[in-house]
Amino acid sequence: CHFIMSEHSKNAYKYAISLTSKQTLYLLLVQGLLSGVFSFGINFFLAWVFVPHNQDYIVTFSSDMNSIITNILLSNVIEASLDCIFGTLLVRFDLHVTKFVKPGDPRLLTHPLVRWIPSGMGVIATLKRTALLIILFAIVMDPLTFVLLYVTGVDKTGMRAEWDFCIFMGWWCAVLGMLITPINAFVVICSTKTFDSEFLRDTDAFGNSYSDYGPMPSREEDDELDRRSLLEDDDREEQG
């Protein structure tokens with residue numbers, strides 16, 4: 001998995017995130033798809049347990065404590081907490097015990113897309129990351145869901161408790177889990193060097209010593225490397 005984010009200004013520069021194919025599959029399938037499957041099953045079951053088993057019972061949009069809005073807000077907090085806390089434990093198990101996934105390059109956590117997320121595997125770091133992701137998805141996903149329900153008229157009609165509401169909560173939590181869990185797992189597998197240097201023996205996932213990397217290049221150094229690369233490409237085209 002390799003993607004580049006470019007920022008164009010007077011001097012363009014770019015950052016790149018690179019993962020091995022196995023790390024990518026681990027994040028997408030184990031931490032993404034399987035998380036969605038488990039989240040759907042668990043939340044469908046919980047919704048089925050806590051609502052009255054009556055075909056005529058309607059879960060309202062916002063008129064009582066068991067409303068759709070209340071369930072979405074609570075599920076956001078519970079789902080994100082479980083995904084981050086238990087997800088971190090699972091990744092640590094896969095790194096240290098099963099060796100199912102190898103550690104990632106800690107420099108990836110300096111990428112602008114993820115450097116604002118607290119890194120680390122410790123309790124404090126995990127709780128900070130959990131709180132941040134709860135707030136982030138509450139700001140982004142909850143309002144979008146409310147707008148969608150409003151547009152489809154659910155705010156007026158509500159949902160039948162026995163099946164419609166259970167399926168909705170299962171799918172909603174499944175989508176939330178498939179978004180949060182891979183993000184948390186990515187941060188954790190790239191935090192291993194800071195957590196347990198002896199386990200890594202001071203090497204990255206490819207067996208290279210971290211001391212071989214040297215410091216991260218500055219923006220000016222990045223610009224200069226890009227300029228030289230372009231000049232070399234021009235020279236090769238002229239010679240060809």
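Trainee: What pattern does the protein follow, read along the sequence?
Mentor: Bear in mind that this is a predicted model. Along the sequence you get β-β-α-β-α-α-α-β-α-α-α-α. That comes to eight helices and four strands.

Trainee: And how much of the protein is buried?
Mentor: Of its 240 residues, 39% are buried. The protein exposes about 14,200 Å², and carbon and sulfur atoms supply 65% of that.

Trainee: What about contacts between residues at least 6 apart in sequence, what share of them join residues at least 24 apart?
Mentor: That share is 75%.

Trainee: OK, on to the inside. How many residues are in the largest nonpolar core?
Mentor: There are 24 residues in the largest nonpolar core, and the ones with the most contacts inside it are I68, L149, M159, F165, F168, W172 and I180. Helices α2, α3 (123–151) and α5 each put at least two residues into this core.

Trainee: Which helix gives the most to this core?
Mentor: α5 does, with nine residues.

Trainee: Let me zoom in on F168. Which residues does F168 touch, leaving out those up to four places away in sequence?
Mentor: With those left out, F168 touches I68, I72, T145, L149 and M159. There's also a second, separate core, made of 17 residues, with V101, L109, I117 and V187 among them.

Trainee: Switching to pockets. How much space lies in the largest pocket?
Mentor: About 680 Å³. The lining of that largest pocket has 28 residues, and S39, I42, N43, E79 and L82 lie nearest the pocket's centre.

Trainee: Which helices supply at least two residues each to that lining?
Mentor: α1 (21–50), α2 (68–96) and α5 (161–189) each do.

Trainee: How does the lining split by class?
Mentor: The lining of the largest pocket has 16 nonpolar, nine polar and three charged residues.

Trainee: Last one, T70. Where is T70 found, and is T70 buried or exposed?
Mentor: T70 is found in helix α2. T70 counts as buried because its relative accessible area is 18%, and the cut-off for buried is under 20%.

Trainee: Which residues does T70 touch, again not counting those up to four places away in sequence?
Mentor: On that basis, T70 touches D64 and M65.

Terms used:
Residues numbered from 1 in each chain as written. Predicted model: local features only at pLDDT ≥ 70, side-chain atom pairs only at ≥ 80, totals over all residues. Heavy atoms only, no water. 1 Å grid on protein atoms, 1.4 Å probe; cavity = no way out; pocket = protein on both sides within 12 Å on 5 of 7 lines; lining within 4 Å. Points joined across faces, edges and corners; volume = space filled by probe spheres on them. Nonpolar A, V, L, I, M, F, W, Y, C, P; charged D, E, K, R; others polar. Core = buried A, V, L, I, M, F, W, Y, C linked by side-chain atoms within 4.5 Å. Buried < 20%, exposed > 50% of the residue type's maximum accessible area, 1.4 Å probe, protein only. Contact = heavy atoms within 4.5 Å. Areas by Shrake-Rupley, 256 points an atom, 1.4 Å probe, with all protein chains shown as cover.
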